[in-house]
Amino acid sequence: MHEVKPLSNNWYHLNRYDFDLRLADGSWQRQMREAYDRGNGATILLYNRARRSVVLTRQFRLPAFLNGVTDGQVIEAPAGLLDDDSPGDAIRREVAEETGYRIGNVEPVFDIFMSPGSVTERLHFFLAEYDPSDRPTNGGGAEGENENIEVMEIGFDRALAMVASGEIRDAKTILLLYHVRLQGIL
């Protein structure tokens with residue numbers, strides 16, 4: 001690494017990196033790239049076998065609004081940044097804040113880079129079964145974060161139909177829904 005130049009340290013960090021990359025023929029080439037560092041995160045699909053349902057959220061997402069979603073509302077699986085917690089602890093915290101549900105065991109599914117060409121984030125994916133009676137609060141987001149999250153309990157088949165119709169366009173949510181379908185969980 002020759003130089004790291006901060007371009008923005010506002011909400012997250014955008015840096016420009018000047019580095020040498022070894023090419024396939026063995027030669028070296030100086031390159032410049034920008035990467036957005038927002039920290040690592042976790043996401044989860046809450047499901048209920050007996051009800052054949054999942055819990056998703058709907059909230060305003062500025063990038064979606066800027067890219068043609070008229071009201072900016074995106075339906076997605078609960079998710080959030082790790083904030084120095086383990087992925088499992090972080091996702092339990094996010095589930096409580098966003099949905100109001102208390103969950104115990106979380107099943108790790110995989111961890112992946114969602115946009116490795118520009119974002120450093122590594123996202124940890126989980127599944128957990130939820131019990132409709134274990135919801136001490138209504139959720140809606142952490143106090144002071146202005147998230148305004150709507151919690152949605154949706155039949156699993158309906159959720160898959162929403163992917164097909166374009167109502168659900170969030171990649172992490174689609175990956176989790178398809179994983180549950182492929183594994184025969186619901």
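Three strands form an open sheet in the order E1-E2-E3, with antiparallel pairing, where two strands pair if DSSP finds at least two bridges between them. This is a predicted model, in which local features need pLDDT of at least 70 and side-chain atom pairs count only at pLDDT 80 or more, while totals for chains, interfaces and linings use all residues. Residues are numbered from 1 along each chain as its sequence is written, and side-chain values use heavy atoms, with hydrogens and water left out.

- E1 pairs with strand E2 (residues 13–22) in the antiparallel sense over five bridges, and Lys5 stands opposite Arg16 in E2.

**The helix pair**

- Helix H3 (residues 156–165) packs with helix H4 (residues 171–182) at an angle of about 130°, their axes lying 11 Å apart.
- H3 is therefore oblique to H4, the class left for angles that are not under 35 degrees (roughly parallel), over 145 (roughly antiparallel) or 65 to 115 (roughly perpendicular).
- The contact (heavy atoms within 4.5 Å) is made by Phe156, Asp157, Ala159, Leu160 and Val163 of H3 together with Ile174, Leu177, Tyr178, Val180 and Arg181 of H4.
- By class, the contact of H3 with H4 holds eight nonpolar, no polar and two charged residues.

Definitions and conventions: Axes fitted to C-alpha atoms, helices over the stretch in contact; angles between N-to-C directions. Helix = DSSP H or I, 4+ residues; strand = E, 2+ residues; numbered from the N terminus. Nonpolar A, V, L, I, M, F, W, Y, C, P; charged D, E, K, R; others polar.
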